[in-house]
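User: I would like to go through this model term by term. Please set each value against its definition.

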Amino acid sequence: MFVCLCTGATSHVVNEVVANGARTSKDIAEACGAGGDCGRCRRTLRAIIEAHYHCRPESVAH
């Protein structure tokens, strides 16, 4: 699925960028361009980041 129509970035690309350490929409924009143009996808980018870091076992506090 396309996440950023301006750059053609897909959810696969964005998920890879987040898996490689991106924690903000600005980090994603710097890595692949998504969110760096018109900004309409930034809410989706933040949702992908949130889902990634909330689902990881090491992010759960003990």
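**Terms and values**

Analyst: One figure to start with. Among contacts (heavy atoms within 4.5 Å) in the chain between residues at least 6 apart in sequence, 45% join residues at least 24 apart. This is a predicted model: local features need pLDDT of at least 70, side-chain atom pairs count only at pLDDT 80 or more, and totals for chains, interfaces and linings use all residues. Residues are numbered from 1 along each chain as its sequence is written, and side-chain values use heavy atoms, with hydrogens and water left out.

User: What makes up the secondary structure of the chain?

Analyst: Three helices and two strands. Along the sequence the pattern reads β-β-α-α-α. Helices (H or I, at least four residues) and strands (E, at least two) are DSSP runs, numbered from the N terminus.

User: Why is Cys41 called buried?

Analyst: Buried means under 20% relative accessible area, exposed over 50%, partly exposed in between (1.4 Å probe, protein chains only). Cys41 has 9%, so Cys41 is buried. Of the 62 residues of the chain, 27% count as buried.

User: Why does Gly33 count as partly exposed?

Analyst: Its relative accessibility is 23%, so Gly33 counts as partly exposed. Gly33 lies in the loop between α2 (25-32) and α3. Not counting residues up to four places away in sequence, Gly33 touches Thr7 and Ile28.

User: What makes a nonpolar core, and which residues of the largest one touch the most other members?

Analyst: A nonpolar core is a set of buried Ala, Val, Leu, Ile, Met, Phe, Trp, Tyr and Cys residues joined through side-chain atoms within 4.5 Å. The largest has 14 residues; Val3, Val14, Val18, Ile28, Ala34 and Leu45 touch the most other members. At least two residues each come from β1 (2-4), α1 (11-19) and α3 (42-55). α3 gives the most, with four residues.

User: Which residues is Val18 in contact with, leaving aside neighbours within four places in sequence?

Analyst: Ile28, Ile48, Ile49, His52 and Tyr53.
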